[in-house]
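Here are my notes on the model, written as numbered points. Keep the structure open while you read them.

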Amino acid sequence: MTVIVNNSPIRIFRGAKVGDLLLRFAVRNKLDLKSVTQLKVTDRWGHALDNEAPLNDNQIVQIINS
Amino acid sequence: MKKYFLSIIAFVALSFNGIATGETVRILSTNDMHSALEKMPQLAAIVDSIRAIDPSVLVLSAGDNRTGNPYNDRYEPVSYPMIQFMNLIGFDASALGNHEYDSKVEGLAKMTALSNFQYLAANITCPPETGIHVVPYKVFDVKGVKVGVLGITQVGTLGIPDTHPDNVIGLSFQQPEEIIPQYKWLSEQCDVNILLTHVGYEVDLELAKLFPYYDMIVSSHSHTQLEGGEIHNGVLITQNGYQLPRVTLTTLEVENGKVVSKSAKNIFIDKSTPRADAADALLKHFKNSPEMERQIGFFTTDISTYDALGVMMCDAWRDELACDIAFENYGGVRYDVFPAGPITVKDILNLDPFMNTAVVMTLTGKELSDMLIACFKADRNRFPITSGCTAIVTYTDSNKTDIKTLQLFDNDGRALDMKKKYRVMTNNYVASICDSPRKDQGERGTETTSDLIIRWIEKVKTVDYQGRNSFIEVWNNH
């Protein structure tokens, strides 16, 4: 499935959760994997999502470095 | 505790708006508790405090009460600890979350039979022989006000909830927007109408658009943290993250059979929240679960390396999921020595403690090779442990800075066919950190990798992996 992160598509396995997406995002952006704890994920309306939140195909999220 | 109790009194008292002619309906709502056993004593204290002021408060869960803690999810009967807590706290109703189906129809039937509260889902059809006790709705009499609560369970793109298809054999589901209009008559008979849904915030926004005659949606599934509640198209929506960071207390003022005002506030659950003694005693009981000490097998020899333990774990996953190859990152093994002797459930939960689940993919030999190299790079230059294939890894230098060549062999010693497709399993952590090109990203399952190992050891009974390894490392400066 594809999740739209900060306006760019990231392909990831079906059933992925926010925590999985953060790891993929970190690797893709050459960030230290330990730094994912500094990243915050929000839905398209700006609500915080936790690492266990399920993701859907074509879901739009924002990842910001806090 | 006294100070906290007084603050709850103030909190609830403030929710009175001074209307003398109407009634106040209060709802305490939770969602996605996911086996948060440790927070149950605090939730019990909060509910007790509110009930001391308003005994008629409705306590609702929007589902996914289970899945997230082996002390609950491995209990037999499954999820008994959470159900006992919910019974003790006095929940009035729960929606069915997609994880309520994780122990198949039989598990759900047991859960519904043990619960003193009602499970609500209008868009599920359960044949009587399943033994699942679920009804579409329930009408509560709150101080003479008729409060109708209609339950909706999650239905994914496959037409079933997001769980393994085997878990819902014999059940059928309908999309929420198809079923909700069929209960318009219920909304006309009730003074207050609530949708108790497990469909996610985004779908709830659509439901609020389509069905504005509902006063409130107790939302769930997407783990969305709302600040209090949000009103969309006149419908109040509430939801709070994962494993009870907060609960929501909603106040509805009702006059002449209509809700005239609505407001919602979050109550945080943290270390400062008092705990109810009875629930604490229950927690202590469940944390001493005999399941954790249950012997599942026997190590005939010491296992004294990460590699050997990793190979055992990968063998277990490969076997349980009928894959050609399984692999995991070196850091996924949390023991370095495992002495000969009995193996318990707790041993395996400590060996593989991350609550990871399996991701199964169909990969060509080339895609697998690329993925193993990607894993090496992402896992601090440590080559992953494999089952179903062995590897000769040649590094560019003795510091293992980079892999120069990688040769993969099947269990018969033949070179892996780079064009052939293999069914490959790894855990969700590895599947996430390996950003190599592959056509099939795979699918994440719901059963934890530790549960797969436990099931495999129960099957094979004795385990001997001393000295096992899955790859040979070569340093080549030429």
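1. Start with a definition: a salt bridge is a side-chain nitrogen of Lys or Arg within 4 Å of a carboxyl oxygen of Asp or Glu. By this rule, 5 salt bridges cross the interface of chain B and chain A. One of them joins E443(B) to R14(A), with the closest N and O atoms 3.5 Å apart.

2. Some ground rules. This is a predicted model, where local features need pLDDT of at least 70, side-chain atom pairs count only at pLDDT 80 or more, and totals for chains, interfaces and linings use all residues. Residues are numbered from 1 along each chain as its sequence is written, chains are lettered from A in the order in which they are written, and side-chain values use heavy atoms, without hydrogens and water.

3. Next, the extent of the interface. Contact (heavy atoms within 4.5 Å) takes in 28 residues of chain B and 22 residues of chain A. The buried area is about 2300 Å², and carbon and sulfur atoms give 50% of that. Buried area is the accessible area (1.4 Å probe) that two parts lose on being put together, summed over both.

4. Polar contacts also link the chains. There are 18 residue pairs in polar contact between chain B and chain A, both residues being at pLDDT 80 or more. A polar contact is a pair of N or O atoms within 3.5 Å; within protein, one must be able to donate a hydrogen and the other to accept it, and residues adjacent in sequence count only if both atoms are side-chain atoms.

5. Which elements of chain B supply at least two residues each to the side that touches chain A? They are α8 (201–210), β12 (224–225), α13 (428–433) and β25 (443–448). α13(B) gives the most, with 5 residues. Helices (H or I, at least four residues) and strands (E, at least two) are DSSP runs, numbered from the N terminus.

6. The two chains also pair strand to strand. Strands pair if DSSP finds at least two bridges between them. β4 (residues 48–49) of chain A and β12(B) are antiparallel, over 2 bridges. Here A48(A) stands opposite Q225(B).

7. Now a sheet within chain B. It is open, has 7 strands with mixed pairing, and runs in the order β6-β4-β3-β2-β1-β15-β16. Its edge strands are β6 (134–135) and β16 (258–268), each pairing on one side only. β3 (residues 93–95) and β4 (residues 118–120) of chain B run parallel, joined by 3 bridges; S94(B) has Y119(B) as its bridge partner.

8. Look at the hairpin in that sheet. β15(B) and β16(B) pair in the antiparallel sense over 10 bridges, with V254(B) partnered by V259(B). The hairpin has 2 residues between its strands, and N256(B) in the turn has a positive phi of about 50°.

9. A second open sheet in chain B has 6 strands, ordered β7-β8-β10-β11-β14-β13, with mixed pairing. β7 (137–142) and β13 (229–232) are its edge strands. β11 (residues 216–218) and β14 (residues 235–238) of chain B run parallel over 3 bridges, and I217(B) is partnered by I237(B).

10. Last, salt bridges overall. One joins E52(A) to K17(A), at 3.2 Å from N to O. These two residues are 35 residues apart in the chain.
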